[in-house]
Amino acid sequence: VRVRAVSDVGNGEWSDTVSETTYDAPSQVTGVTVTQSSMNGSPALSVTWTGPTGSGISYIVKYSTTNQASPPPREKTTSTSPVTLTEGIQQGTTYYVWVAAIRNGLQGSYSSRRSATSFSGHMDWTYW
């Protein structure tokens, strides 16, 4: 791209050529699975997906106890799949999870929502 000023007095000189790279939003995340998990004896959810790869890709994982936009869902940003969700996970509660890819500040479409119910009761792991 080059620009120059134009007025009644005359035209200015052309600027140097400048180019810019444009980016498309990343493709939609697919294959989202949500399974029961635990961390340090507390309920958690493990989330896996298939998403676009390459430089600068990160993912935003949203989760909520309702399949609605309200109350606002919790979020976790990560650069890898799988991810374990622990913050705010309550025992025996169903959570809805959806994931989107982000690259160069552009967010792709969210995946379909998937759900799982967290473990009920205390998970006491003993290793032999």
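**Close-up views of an all-strand predicted model**

At 54% relative accessibility, Thr77 counts as exposed (exposed means over 50% relative accessible area, buried under 20%, partly exposed in between, with a 1.4 Å probe and protein chains only). This is a predicted model, in which local features need pLDDT of at least 70, side-chain atom pairs count only at pLDDT 80 or more, and totals for chains, interfaces and linings use all residues. Residues are numbered from 1 along each chain as its sequence is written, and side-chain values use heavy atoms, with hydrogens and water left out.

**View 1. Thr77 and its partner Ile60.** Thr77 sits in strand E6 (strands are DSSP runs of E, at least two residues; helices are runs of H or I, at least four residues; both are numbered from the N terminus). The bridge partner of Ile60 in E6 is Thr77. Along the chain, Thr77 and Ile60 are 17 residues apart. Their C-alpha atoms are separated by 4.5 Å. Neighbours within four places in sequence aside, Thr77 is in contact with Tyr59 and Ile60 (contact means heavy atoms within 4.5 Å).

View 2. Strand E5 covers residues 58-64. E5 and E6 pair in the antiparallel sense, over 5 bridges (two strands pair if DSSP finds at least two bridges between them). E5 also runs antiparallel to E8, with 7 bridges joining the two. Within that pairing, Val61 stands opposite Val99 of E8. How many residues of E5 are buried? The count is 7 of 7, and the strand is mostly covered. Both faces are covered. On one side, Ser58, Ile60, Lys62 and Ser64 are buried. On the other, Tyr59, Val61 and Tyr63 are buried.

View 3. Side chains of opposite charge can pair when their charged atoms come close. A search of the whole structure finds 2 salt bridges (a side-chain nitrogen of Lys or Arg within 4 Å of a carboxyl oxygen of Asp or Glu). One of them joins Lys62 to Glu75, with the closest N and O atoms 3.4 Å apart. Lys62 lies in strand E5 and Glu75 in strand E6 (residues 74-78), so the pair ties together parts that are 13 residues apart in sequence. Is Lys62 buried or exposed? Lys62 counts as buried, at 17% relative accessibility. Glu75 is partly exposed, with a relative accessible area of 46%.

**View 4. The Arg74–Glu87 salt bridge.** Arg74 forms a salt bridge with Glu87. The closest N and O atoms are 3.0 Å apart. This pair links distant parts of the chain, 13 residues apart. Arg74 is in strand E6. Glu87 is in the loop between E7 and strand E8 (94-103). Arg74 is partly exposed, at 38% relative accessibility. Glu87 is exposed, with a relative accessible area of 53%.

**View 5. The open sheet E3-E4-E7.** Three strands form this open sheet, in the order E3-E4-E7, with antiparallel pairing. Which strands lie at the edges? Strand E3 (30-39) and strand E7 (83-85) do, and each pairs on one side only. From one strand to the next, the twist averages 30 degrees (axes are lines fitted to C-alpha atoms, and angles run from 0 to 180 degrees between N-to-C directions). Strand E4 (residues 42-50) pairs with E7 in the antiparallel sense over 3 bridges. Here Ser46 has Thr84 of E7 as its bridge partner.

**View 6. The surroundings of Ser37.** Ser37 is placed in strand E3. At 17% relative accessibility, Ser37 counts as buried. Which residues does Ser37 contact, leaving aside neighbours within four places in sequence? They are Ser42, Pro43, Ala44, Leu45, Ser46, Thr84 and Phe119.

**View 7. The whole chain, for orientation.** The protein has 0 helices and 10 strands. Its C-alpha trace spans about 85 × 35 × 20 Å along the principal axes. The radius of gyration is 23 Å, whereas a compact globule of 128 residues would have one near 14 Å (taken over C-alpha atoms; the globule rule is 2.2 Å times the number of residues to the power 0.38). Of the 128 residues, 28% count as buried. Among contacts with a separation of 6 or more, 57% come from residues 24 or more positions apart. The accessible surface comes to about 8,400 Å², of which 47% belongs to carbon and sulfur atoms (Shrake-Rupley method with a 1.4 Å probe).
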